[in-house]
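Please look over the sequence and the model shown here before reading on. The paragraphs after it go from the whole chain to single residues.

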Amino acid sequence: MQVITALCAAVLLLYTPSKSLGSVQRCHEADLAALLNFKASLIDRSSSLHSWNANASCCEWPGITCDDSRVVSISLHRMGLLGSLPQSLGNISSLEILDLSYNALSSGIPSELTSLSLLRQLDLSNNNLSGELSALASLKSLQKINITSNRFSGTLPNFSNLGLLLGFWARNNSLTGEVPVHICQSALYVEVLDLSYNKLWGSLAEGLGVCTHLQELDLGGNYLQGHIPLDIYNLSGLTRLSLEENNFSGILDGAVGNLVNLQHLMLGSNNFTGPLPANLSACTKLKLFDASNNSFQGSLDLIRFNKLPTLEILDLSGNFFHGSIPLSFAGCTALQGLYLSSNIFSGAIPMELSSLQNLSTLALSTNNLNGSMRSLVGIKHLISIVLTKNHFDETVPETVEGEGLSNLQVLALGYLQLRGRFPKWLNKCTKLQVLDLSWNHLEGTIPSWLGLFPHLYYVDLSNNSFSGHVPAELFGLPTLMHGNKNLTGLQVVINLAIKHKPGSIELRYTQVSAVPPSMYLSHNKLQGHIPSQVGAIAALIDMDFSFNNLTGSIPETMASMKELEVLDLSSNKLSGSIPSSLSKLTFLSQLNVSHNQLVGMIPQGSQFPTFSKESYEGNADLCGAPLPIPCRNNETRSSEPALFSKRESSAKNSIFVPVCVVVGSIVFAVCLVLLEVRRNVVYVESVSF
C-alpha cells in the first residue's frame, strides 16, 4: 500500500505545473527579445525597468504577467517612460493587455501591432502619441480602447471589425470627421463612447438609438450642430450624456424623461432654446444637470425639482429664465451647487433654501432678485455666495444669530445697493478667501480685524463711502504676505464677475484658484497716509487705492512687493517724489499716480519708460520723460541714484579741501601780521610811558 501511495505521489509531481510549486516561469524567447528591444527604445527616467535583463525571467519583471511562459499582460502605468512604441511589441503574440498610460511616449502606433490578435485591452492614454488610428481596426479581439489625451489625428477607426468592443475613450485628441452613429451595427455591446474634445463636425444623425447597452455618451467640445436626434431618448440605460461646448440647437424634448437612469446631463455652451420640459423631473437619478450658456427661456415653475432627491449640481446660468426661484428646490436635499446667474429671475430669495443643509455654492448674480440676506444665514455649509448685480436695496445686517456663515470662503455682494456699515458678523468668517463688497453705499471705517483672516487674498471694497484711515493690519494678511499656494478649497467653483472701475472691462472667474491676489479700496473717502507696512504683502498682484483723500508720500517699502503687476494711486493728495526703488518691481505693467501732488524727476529705470504720460499727469511739479517738462539741475540731482550722489559728493570734497587749505593759509598769515603789529604797538606804548 505504501508503495502504491509513493508511486501516485511521484506521478502527481511529474504532472504538476511548475508555477504551482512557486518556481520561476521561463520566459518565451520571442517575448524576451521583444521586451528587451522595447526597453532599449525607451528612456527610463525613474529606473523603473532596471531589473529588465536577460539574467532573470521576464515573467518576474515589474509590470509583466505571464501564463505558461507567455507574456499576456504589460502594465507600465505611470513609469515615467519616454520614447516610441517599437515594432517588436507585435511579436508578443499572446499579449492580451497593454497598458502604457501616463507616460511620455511619442510617435504613432506601429502597424506591426495588428498581429496582436488576442489583445483585449489597450490603454495608451495621457502620452504624446500622434498619427492615425487605422491600425486599431484590425485588432478584432479589442474590448477596451483608451487613447485619451494624446495628439492623434485623422478620422476614427473603422469599427466594423471590432464586434467585441465595450468601451472607446478618445477624449482630448485632434480627431476629425463625423460621429460614427452606426457603430452598434457591428459592436452590439458598446457601453462607453467618449469622443469629447476633438474636431468632429456635422450633425448628429439617428443611429445611436440601437446601442441598447450604451451607458455613457460623451461628445462635448467638438463642432457638432443640429438637433438632438430623437432616438437618443430611447437609450434607457444611459447614465451620462455630455453634449456641452458644441453648436447644438433646438429644444430639449420632453422625451428626455425616458432616460430614467440618467445621472449626468451636460448641455452647456450650445444654442438650445425654448423652455425646459416638465418631464425632466422623471430623471429621478439625476446628479448633475448643466444647461448653462444657452438660450433656454421661460419659467421653471412646472418642473418638480423636489422629485430629484439625488441632484447635487444644477447649473442654469447664462440663459433667459424668468419668474421666481422655484420653492421646489427645497426638495433637492442632496443639492451642493446651485448656479442661476445671468438670467432674469425676480422676486425674493426663498427662505426655503435655508433647509438645504448640503448646499455649499450659491450663485445668483446678475438677476433682478431682491430680499434679505438673512434667508441665507441658516445654510451652515455654504462655502461660496455670489449675489452680485441684483436689487437688494437694503441695510446689510451688522450681526446674525448663531454660527452664521462661518464656513464661507467666497462672499460676493457687489452691486446690491446695500447700505449701512461694514458687517460685524463677517468677523466669524475666518475661512474667507475672496471678499467683494464693491459698488454699494456702505460707510464707516474698515475694521482692523479684517487683517487677521489667515486665508484672505482678494479684497474689493471699492466704490463705497468708507472713511477713516487704511488699517495697517490689512497689510498683515498672511496669504498676501506669503502667497496662496497652500489654501484649502482652491477648486471651489464660482461664477464671479468683477468690475472695480467705471467703464472697465468686466472680468469673469469660474474658480477661486483663478482669482488674482488683489486689494481694491478705490472710490471711497479714505484719508491719512498709506502705512509703511504695505511692503509686507509681497504676493499682491493688483492694488488700487485711487480716488480717495490719501496724503503723505508713496512708501519706499512698496519696492518689496515683488509680484505687483498693477498699481493705481491716482486722484489722491500724495506728495513727495516717486521712489526710484519702485524700478525694482520688475512685474509692474500698469502704473497710475496721476492727479496727486508729487514732485521731482520720474524714475527712468527698468520698466518705467514703458508707462505713458497719462500715468503722471495732474502733478504740476513732476518732470522728466514721458512728460514734456524737463527737469532742472537740482531736480535731476534729487532724483539720481545714491551711487551718483556719492560720486558728486566726492567731487565736491576734492574741490572743497584745497580751497580750505588756501583760505586757511591766508587767514593764518593775516593773523601773524596782525599779531606782529599788535606787539609793535604795545612796545611803542611801553617805551613812551
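The model is predicted, so local features are described only where pLDDT is at least 70 and side-chain atom pairs only at pLDDT 80 or more, while totals for chains, interfaces and linings use all residues. Residue numbers start from 1 along each chain as its sequence is written, and side-chain values use heavy atoms, with hydrogens and water left out.

The protein has five helices and 46 strands. Helices (H or I, at least four residues) and strands (E, at least two) are DSSP runs, numbered from the N terminus. Of its 689 residues, 48% are buried; buried means under 20% relative accessible area, exposed over 50%, and partly exposed in between, with a 1.4 Å probe and protein chains only. Among contacts (heavy atoms within 4.5 Å) with a separation of 6 or more, 52% join residues 24 or more positions apart.

UniProt, in an unreviewed entry, lists residues 29-67 as "domain: Leucine-rich repeat-containing N-terminal plant-type". UniProt positions are given in the numbering used here, feature names are shortened, and annotations may be inferred rather than shown by experiment. In the model this span is 31% helix and 18% strand, and its end C-alpha atoms lie 14 Å apart.

Eleven strands form an open sheet with parallel pairing, in the order β8-β10-β12-β14-β16-β18-β20-β22-β24-β26-β28. At the edges stand β8 (130-131) and β28 (368-370); each has a single partner strand, so one side of each is left without a neighbour in the sheet. Two strands count as paired if DSSP finds at least two bridges between them. Strand β18 shows how the pairing works inside this order. On one side, two bridges join β16 (residues 223-226) to β18 (residues 247-250) in parallel, and Gln 225 has Asn 247 of β18 as its bridge partner. Two bridges also pair β18 with β20 (residues 271-274), again in the parallel sense, and here Gly 250 stands opposite Phe 272 in β20. In a regular strand the side chains alternate between the two faces of the sheet. The covered face of β18 holds Phe 248 and Gly 250, and the uncovered face holds Asn 247 and Ser 249.

In soluble globular proteins, nonpolar side chains tend to be buried together. A nonpolar core is a set of buried Ala, Val, Leu, Ile, Met, Phe, Trp, Tyr and Cys residues joined through side-chain atoms within 4.5 Å. The largest such core here has 187 residues, of which Ile 74 and Phe 289 touch the most other members. Beyond its neighbours within four places in sequence, Ile 74 has contacts that include Leu 35, Ile 64, Leu 89, Ile 92 and Leu 100.

Some loop residues are also buried. Asn 294, in the loop between β21 (288-290) and β22 (295-298), has a relative accessible area of 6% and is therefore buried. Its side chain reaches the backbone oxygen of Ser 292 at 3.0 Å. Leu 359 lies in the loop between β26 (344-348) and β27 (361-363), and at 0% relative accessibility Leu 359 counts as buried. Residues touched by Leu 359, not counting those up to four places away in sequence, include Leu 335, Leu 338, Ile 379 and His 381. The C-alpha atoms of Leu 359 and Glu 312 are separated by 8.6 Å, although the two are 47 residues apart along the chain.

Which backbone angles stand out in the loops? Most residues other than glycine have a negative phi, and most peptide bonds are trans. Tyr 102 is not a glycine, yet has a positive phi of about 55°. Tyr 102 sits in the loop between β5 (97-99) and β6 (104-106) and is partly exposed, at 36% relative accessibility. Ser 107 also has a positive phi, near 75°; Ser 107 is in the loop between β6 and β7 (121-123) and is partly exposed at 30%. A cis peptide bond, with omega of about 10°, joins Ala 625 and Pro 626. Pro 626 belongs to the loop between β46 (621-623) and α4 (633-639).

Definitions and conventions
A polar contact is a pair of N or O atoms within 3.5 Å; within protein, one must be able to donate a hydrogen and the other to accept it, and residues adjacent in sequence count only if both atoms are side-chain atoms.
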